[in-house]
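Welcome, and thanks for taking a look at this one. Below is a short tour, from the whole chain down to a couple of individual residues.

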Amino acid sequence: MYPRFKLNPFGVIGHGNIQGVNRTTPEQITGLSGASDIDYVIIKADPDNSENIHIGSSTVTTNDFQLDAGDTIEFSIKDLRNVYVLASDASQNVQFIYFKQ
């Protein structure tokens, strides 16, 4: 028998992408209205990227958390505007989708 649990579904608030993430200036992940009142985000490095994407705060560097091409990271967060990305080399792409419970 399967364990019983209560489903707590999320509703999609928005999604977006950043084309051409560069390696010199961290770029803030922002989305549609409501990005400052969310519960969860999924960030994906584009599968066609030739270099890595790094995730962190406004001071993110290429030594911070790394996503290889096609990798994703999921986490709880209240304000998407606190997340920044930086590329190991110029012109990399990132997709994201965020949710509100």
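## Burial and surface

Of the 101 residues in this protein, 34% count as buried. Please keep in mind that the model is predicted. Its accessible surface comes to about 6,200 Å², and carbon and sulfur atoms hold 48% of that area.

## Strands and contacts

The protein has 8 strands and 0 helices, so its pattern along the sequence reads β-β-β-β-β-β-β-β.

## The nonpolar core

The largest nonpolar core has 20 residues, and the members that touch the most others are Ile29, Ile43, Ile53, Leu80 and Val85. Two or more core residues come from each of these elements: strand S1 (11-21), strand S3 (40-45), strand S4 (53-56), strand S7 (84-87) and strand S8 (92-100).

Leaving out residues up to four places away in sequence, Ile29 touches Ile18, Ile43, Leu80, Arg81, Val83, Val85 and Phe96.

Arg81 sits in the loop between strand S6 (72-76) and S7. Is Arg81 buried or exposed, or something in between? Its relative accessibility is 39%, which lies between the 20% and 50% cut-offs, so Arg81 counts as partly exposed.

Beyond residues up to four places away in sequence, Arg81 touches Gln28, Ile29, Thr30, Ala35 and Ser36. The side chains of Arg81 and Asp79 are joined by a polar contact of 2.9 Å. For a sense of how sequence and space relate here, Arg81 and Asp37 are 44 residues apart in sequence, with 9.9 Å between their C-alpha atoms.

## Asn49, a buried polar side chain

Asn49 belongs to another loop, the one between S3 and S4. Because its relative accessibility is 10%, under the 20% cut-off, Asn49 counts as buried.

Terms used:
Residues are numbered from 1 along each chain as its sequence is written. This is a predicted model: local features need pLDDT of at least 70, side-chain atom pairs count only at pLDDT 80 or more; totals for chains, interfaces and linings use all residues. Side-chain values use heavy atoms; hydrogens and water are left out. A nonpolar core is a set of buried Ala, Val, Leu, Ile, Met, Phe, Trp, Tyr and Cys residues joined through side-chain atoms within 4.5 Å. Buried means under 20% relative accessible area, exposed over 50%, partly exposed in between (1.4 Å probe, protein chains only). Helices (H or I, at least four residues) and strands (E, at least two) are DSSP runs, numbered from the N terminus. Contact means heavy atoms within 4.5 Å. Accessible areas come from the Shrake-Rupley method with a 1.4 Å probe; for residues, only the protein chains shown count as cover. A polar contact is a pair of N or O atoms within 3.5 Å; within protein, one must be able to donate a hydrogen and the other to accept it, and residues adjacent in sequence count only if both atoms are side-chain atoms.
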